[in-house]
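Me: I have a structure open and want to go through it piece by piece. Can you take my questions as they come?

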Amino acid sequence: MSKICELTGKKAMIGNKVSHANNKKKRWFNINLCKKRFFLIKEKKWITLKICAYAVKLINKIGIENALKRYKNIKIK
């Protein structure tokens with residue numbers, strides 16, 4: 001199961017964990033993913049997307065139809 005947002009394409013980053021003694025160790029910064037269902041009014045069907053918290057806020061603001069138009073990298077089944 002990949003840790004990539006299906007709408008925006010965001011994925012985990014690699015960075016350093018820095019201690020008080022300034023020792024550096026590689027670590028992952030994962031994104032906040034959640035599985036959500038949305039209803040497409042024009043097509044009259046439900047879709048399930050694995051999206052990040054930013055995408056949820058964006059969909060609440062502009063709607064699922066406009067968000068899908070903005071990010072065209074998703075294929076609706």
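**Going through the model**

Reply: Ready; keep in mind that this is a predicted model. A place to begin is Lys-50, which lies in strand 4 (residues 45-52).

Me: Is Lys-50 buried or exposed, and what is the nearest side chain of opposite charge?

Reply: Lys-50 is buried, and it has no salt bridge. The nearest side chain of opposite charge belongs to Glu-6, 5.8 Å away. For a salt bridge, the side-chain nitrogen would have to be within 4 Å of a carboxyl oxygen.

Me: Which backbone oxygen lies 2.6 Å from a polar atom of the Lys-50 side chain?

Reply: That of Ser-2.

Me: How many salt bridges does the structure hold?

Reply: One. Glu-43 and Lys-45 form it through their side chains, at 3.7 Å from N to O.

Me: And how accessible are Glu-43 and Lys-45?

Reply: Glu-43 is partly exposed, at 45% relative accessibility. Lys-45 is also partly exposed, at 25%.

Me: What sits between strand 3 and strand 4?

Reply: A loop that includes Lys-44. The two strands make a hairpin with four residues between them, and Lys-44 in the turn has a positive phi of about 55 degrees. Lys-44 is not a glycine, yet its phi is positive. Its relative accessibility is 67%, so it counts as exposed.

Me: How many bridges pair strand 3 with strand 4, and in which sense?

Reply: Eight bridges, antiparallel. As one example, Lys-36 has Leu-49 in strand 4 as its bridge partner.

Me: Changing topic. How is strand 1 joined to strand 2?

Reply: Strand 1 (residues 13-18) and strand 2 run antiparallel and are joined by six bridges. Met-13 stands opposite Phe-29 of strand 2.

Me: On to the inside. Which residues have the most contacts within the largest nonpolar core?

Reply: Leu-7, Phe-38, Ile-51, Ile-59 and Ile-64, in a core of 14 residues. At least two residues of this core come from each of strand 3 (33-40), strand 4, helix 1 (53-62) and helix 2 (64-70).

Me: Which of these gives the most?

Reply: Strand 4, with four residues.

Me: What does Phe-38 touch?

Reply: Leaving aside residues up to four places away in sequence, Phe-38 touches Lys-45, Trp-46, Ile-47, Leu-49, Ile-51, Ile-59 and Ile-64. Ile-51, Ile-59 and Ile-64 are also among the residues with the most contacts inside the core.

Me: Now helix 1. Is Ala-55 buried or exposed?

Reply: Ala-55, which lies in helix 1, is buried at 0% relative accessibility. Beyond residues up to four places away in sequence, Ala-55 touches Cys-5, Leu-7 and Thr-8. Its C-alpha atom is separated by 10.0 Å from that of Cys-34, 21 residues apart along the chain.

Me: Where is Thr-8 found?

Reply: In the segment before strand 1. Thr-8 has a relative accessible area of 17% and is buried, since the cut-off is under 20%. A polar atom of its side chain lies 3.4 Å from the backbone nitrogen of Lys-10.

Me: What does Tyr-54 touch?

Reply: Thr-8, Lys-10 and Tyr-71, with residues up to four places away in sequence left out. Thr-8 is therefore touched by Tyr-54 and by Ala-55, with contact meaning heavy atoms within 4.5 Å.

Me: Where is Tyr-54, and how accessible is it?

Reply: Tyr-54 is in helix 1, and it is partly exposed, with a relative accessible area of 41%. From C-alpha to C-alpha, Tyr-54 and Ile-31 are 9.6 Å apart in space and 23 residues apart in sequence.

Conventions. Residues are numbered from 1 along each chain as its sequence is written. This is a predicted model: local features need pLDDT of at least 70, side-chain atom pairs count only at pLDDT 80 or more; totals for chains, interfaces and linings use all residues. Side-chain values use heavy atoms; hydrogens and water are left out. Two strands pair if DSSP finds at least two bridges between them. Buried means under 20% relative accessible area, exposed over 50%, partly exposed in between (1.4 Å probe, protein chains only). Lys and Arg count as positive and Asp and Glu as negative; His and the chain ends are not counted. A polar contact is a pair of N or O atoms within 3.5 Å; within protein, one must be able to donate a hydrogen and the other to accept it, and residues adjacent in sequence count only if both atoms are side-chain atoms. A nonpolar core is a set of buried Ala, Val, Leu, Ile, Met, Phe, Trp, Tyr and Cys residues joined through side-chain atoms within 4.5 Å.
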